[in-house]
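Me: Can you walk me through this structure? I'd like the helices and the charged pairs.

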Amino acid sequence: GQCILFISGKSMVMNVSRSIIDAARELFGQDAEVMCLHITASKKTLAERLRRRGRETDEQIEKRLERASNYNGSVRGNHVIEIRNEGSIEEGVDMVVGALKGDMQYALWLVPKKGETFHTEARFQIEKIAQEKSSHPFEPHVTIGNLFRASQLEAISIAKVAAEAIEAPVRISPTGMSAEAGTRFRAFVLEASPT
């Protein structure tokens, strides 16, 4: 992952092991905003890219994909900006630059409580359609308001205010949706509970 430090209005980007991120947050957290830029892609996209490079055998590629899937989801939290780069190099660069500048597009989603019949059935149908269309499934939801541009920390604050306004519990971690080429937004999920 990439570790991003914001100190006195300046940014510093470090390429570090995932195991170092928590230590960096602990070491610099008092004086800096430490964010993790986690760039990933689907297994299918990674395999295609590795095969096109032609530097590894099929067996080496499979081992590498297995290692990558073991890390999938290992970096989580409000300090993580995940970029799922399924598009071109140019689209990936645009997303990374937007993340580094703190200029990404966000949405607020209101979702039914997990485990309720509606959520379970809607999720099943969405996964079925996503598989048919070779795309990524997403949470059943209603989008609240318009898309907005902000830094991740500003978007977290907006999500908290929205959750309080509708008296909904909120999962602030934005890992439910990645900034993907063509999609270009991240979603904060406000989970609705019956009253």
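Reply: Here is a quick tour, starting with the ground rules. This is a predicted model, where local features need pLDDT of at least 70, side-chain atom pairs count only at pLDDT 80 or more, and totals for chains, interfaces and linings use all residues. Residues are numbered from 1 along each chain as its sequence is written, and side-chain values use heavy atoms, with hydrogens and water left out.

Me: OK, how many residues does H5 have?

Reply: Helix H5 covers residues 117-132, which is 16 residues. Helices here are DSSP runs of H or I with at least four residues, strands are E runs of at least two, and both are numbered from the N terminus. From first C-alpha to last, H5 reaches 23 Å, close to the 22 Å expected at 1.5 Å a residue (the expected span is 1.5 Å times one less than the number of residues).

Me: Which residues of H5 are buried?

Reply: His119, Ala122, Ile126 and Ala130. Buried means under 20% relative accessible area, exposed over 50%, and partly exposed in between, with a 1.4 Å probe and protein chains only. Down the axis of H5, the buried residues fall within an arc of 75 degrees, so they line one face of the helix; the arc is taken from the directions from the helix axis to the C-beta atoms.

Me: And what's on the other side of H5?

Reply: Thr117, Gln131 and Glu132 are exposed there. The cover over the buried residues of H5 includes strand E5 (104-112).

Me: Switching to charges: how many salt bridges does the structure hold?

Reply: Five. A salt bridge is a side-chain nitrogen of Lys or Arg within 4 Å of a carboxyl oxygen of Asp or Glu. One of them joins Glu127 to Arg123, with the closest N and O atoms 2.8 Å apart. Those two are four residues apart in helix H5, about one helical turn.

Me: What is Arg51 linked with?

Reply: Arg51, Asp58 and Glu62 make up a network of salt bridges. For Asp58 and Arg51, the closest N and O atoms are 3.5 Å apart, and for Arg51 and Glu62 the N to O value is 3.6 Å. Arg51 sits in helix H2 and Glu62 in helix H3 (residues 58-71), so that pair ties together parts 11 residues apart in sequence.

Me: Is Asp58 buried or exposed?

Reply: Exposed, at 52% relative accessible area. Arg51 is partly exposed at 42%, and Glu62 is partly exposed at 38%.

Conventions:
Contact means heavy atoms within 4.5 Å.
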